[in-house]
Number of protein chains: 2
Amino acid sequence: MVRIAILMAMKNEARTLLQSLDLRQQKQPFRSGVPFELFQGRFAKAQLSVVVSGTDPEFHVDNVATVPAALMTYLAIEKCNPDLVLNAGTAGGFGGRGCEIGDVYLGSGTFCFHDRRIPLPGFDRYGIGRYSCYDTSSLAAELHLKTGIISTGNSLDLQGKDLQLILENQAVIKDMEAAAIAWVCRSLSVPMIAVKAITDLVDEGAPTETQFLQNFHLAVKNLQIKTIELLQHLQKIKDC
Amino acid sequence: MVRIAILMAMKNEARTLLQSLDLRQQKQPFRSGVPFELFQGRFAKAQLSVVVSGTDPEFHVDNVATVPAALMTYLAIEKCNPDLVLNAGTAGGFGGRGCEIGDVYLGSGTFCFHDRRIPLPGFDRYGIGRYSCYDTSSLAAELHLKTGIISTGNSLDLQGKDLQLILENQAVIKDMEAAAIAWVCRSLSVPMIAVKAITDLVDEGAPTETQFLQNFHLAVKNLQIKTIELLQHLQKIKDC
C-alpha cells in the first residue's frame, strides 16, 4: 500500500480538502511544542497523512514560509515514512507565462529559491537550490495539469532582485514553502511533488496581498478538486 | 551538570573552536541523509555538544541559512537535550551603530527576520518574529561583550527593503541563521543565546562578500576566544 504525506502551510488551504477526506486527527503527534497538526486515514488503496503547519502561539496565524516547512517535512517523513511527499497549497503565478487565476499547476519537479543570494563561489548555486525531486511530466499529461518550475521565497511580495532571480530560475510559480520541503526530501531521498493553485498574478494587476485575499476561495476549491484527482491517480502507483 | 549545544553553520567557523575543545565526533549521529555533524565531550562542568551544518552533497558547501538551521536546531535538541542552545558564528554589523570588524557581540536575546515580508494581518508580525529567548544583559556585562539585536535573512547581501526592515528591527547585527534557531528554541521552550563575530560592516566599505572573505580569519579567531570565555562562564550556571 502506497503511503502519501500531504504537507500544507495554511489551515484555510487544507480545510476544504480535509472535509472531503475521511481522516482522523492524531492527538499530539509530535514532541510537545511542535505546532504541526496530523490527520491520517485511508484514501482508496493509499495510506494518507495530511500535515498542516498549525498556528503560532504568539501571532495566532499559520506557520507559513520555509523555516516551519523544513521542520514539518522532516517530522512528517519520520512519523509517516511516506513513499511520496505532496506539497499542496496556493501560490502566485506569472500571467506572462500563461498562468490564470484559479489554475492548478503541478510543479515540474525542479525547486528553486529566489531569496537566498549568497555571492560566494559554490554558495551562489547552493542558494538557488534547483533540486530535482520527481519527474512529473507523464503525471501532468495524464491529469491534464499545467506544469512549471516553482520558485520559493519567504515573502508574499516581491522585490526587484527576487523577480530577477525567479526569471533566471525560469519559474512560472512563486510560493513560500516548496523548495524548503524539497531540500529535506532530497536529503532523505523521498520523492516529492507539489500542486499549487494560483491566487494571484505576480506580474499583473493589484498587489499580491489584494489578489490573494480576493481569489483565495476559488483557488482553494480548485486545489481540493485537483488534489483529489491526483490522489486517485497516485493511490494506484505501487512505487512512487 | 549543565548541557550546552553550540550550533554553527560553517565548518570553517567551527574549526578553530573545535581544535581548542576536547570533543569526539559522533559517527552518523542523525538519520541517514541528514548532513549535520555532531561533536561531544566535557567542558569543565558542562556537557558540550557542537553541531555543525555539514556539507551539501551536490554543491559541496556548508548548509548555511535558515532552512538547515531550523532542522539542525530541532535535531540537536532531540539528540542532546540541552539546557541552553548557543548559536555561534560570523555576521555583518552596522558601523553606524558602533560595530567594528572583529568585534564579538552577544545577541541581546531578541531575534528578528528581515526577509519575511507578509503584508497580511497577523502574518506581518509573524514574519518579523521578534522572539525573546533569553535575557543576556547580565551575561554581557560580566563578560564585557557588546550586545545588540540580531536580524536574520537568507541572503549574504542586502536589498533596499532588507535594510529598511533591519533598521525597523533596531538590529545591530545581520546574520543568516539566528532567528530560525530561535523559532525552534521558542517552540520547544529551550533557552537560546547567540554570539556573533563581525566579518563585515553592511553600511560601510566594500561589498559584504569582499569584506567577508577579507576578515573571516580574524572574526573566527575572536569568535573562538569569546566562545570559550562564554563557556567558562556558562558551565558554572546550574540552570541556564
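Buried area is the accessible area, taken with a 1.4 Å probe, that two parts lose on being put together, summed over both. By this definition, chain B and chain A bury about 5000 Å² between them, 61% of it on carbon and sulfur atoms.

The model is predicted: local features need pLDDT of at least 70 and side-chain atom pairs count only at pLDDT 80 or more, while totals for chains, interfaces and linings use all residues. Residues are numbered from 1 along each chain as its sequence is written, chains are lettered from A in the order in which they are written, and side-chain values use heavy atoms, with hydrogens and water left out.

| Item, chain B with chain A | Value |
|---|---|
| Residues in contact (heavy atoms within 4.5 Å) | 59 residues of chain B, 58 residues of chain A |
| Salt bridges (side-chain nitrogen of Lys or Arg within 4 Å of a carboxyl oxygen of Asp or Glu) | ten salt bridges |

R186(B) forms a salt bridge with D56(A), in which the closest N and O atoms are 2.7 Å apart. On the side of chain B that touches chain A, α2(B) supplies the largest share, nine residues.

Note on methods: Helix = DSSP H or I, 4+ residues; strand = E, 2+ residues; numbered from the N terminus.
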